[in-house]
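Good morning, colleagues. Please look at the structure first.

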Amino acid sequence: MQLVSPARYDASYRRIRYPGGDVPPDCGACTDVVIRAFRQAGYDLQRLVHEDAARAPRAYRRIARLDSNIDHRRVPNLAAFFRRHGRSLPLEKDWRPGDVVTWKLPSNLDHTGVLSGRHGPSGNYLVIHNLSMTAEEDVLRAWTVTGHFRYPG
């Protein structure tokens, strides 16, 4: 669905309903790709991250004040959730479709995406992500991998 109607990149703060909220389908950040993929699989990361951050605030160092509109839309918070409740996997092997990957971009920004079930010319799984527009690209090793997660564990 996300590749049929790609979303333009927009990481701005928006008020969204809770639980089950989402930004408009024509926009979103890299985290929204992950959120929407997991929602299709039956997992509401908005609710899961918000409730877990309320229970274990020290695990979510970047959240100063809980806000169900945005907390789940930040890469470090998703990574904290997956570290706590999913499986953290080796950064260079055991990749499978549906795995979540996080990177540090050359600009020092955090980025995330979900592995597709298809392989690219490199032989690696393609990644569904959003840097400017939702896309499926051969970028698994394009940047410094900082996390590799499988959920549920």
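A residue is called buried under 20% relative accessible area, exposed over 50%, and partly exposed in between, with a 1.4 Å probe and protein chains only. By that criterion Phe82 is buried, and so is Tyr151.

The model is predicted: local features need pLDDT of at least 70, side-chain atom pairs count only at pLDDT 80 or more, and totals for chains, interfaces and linings use all residues. Residues are numbered from 1 along each chain as its sequence is written, and side-chain values use heavy atoms, without hydrogens and water.

Rings of Phe, Tyr and Trp (its six-membered ring) pair if their centres lie within 6.5 Å; planes under 30 degrees apart are stacked, over 60 edge-to-face, the rest tilted. The whole structure holds 9 aromatic pairs. In one of them, Phe82 and Tyr151 are tilted, at 5.9 Å centre to centre and 55 degrees between the planes. This pair links distant parts of the chain, 69 residues apart: Phe82 lies in helix H3 (residues 75–85), Tyr151 in the segment after strand E8 (144–150). Helices (H or I, at least four residues) and strands (E, at least two) are DSSP runs, numbered from the N terminus. Ring pairs also join Phe82 and Tyr151 with Phe38, Tyr43, Phe81 and Phe149 in a cluster.

Now the sheet. Strands pair if DSSP finds at least two bridges between them. The open sheet has 6 strands in the order E3-E8-E4-E5-E6-E7, with antiparallel pairing. Its edge strands, E3 (87–88) and E7 (134–137), each pair on one side only. Strand E4 (residues 100–104) and E8 share 5 bridges, and Thr102 stands opposite Gly147 in E8.
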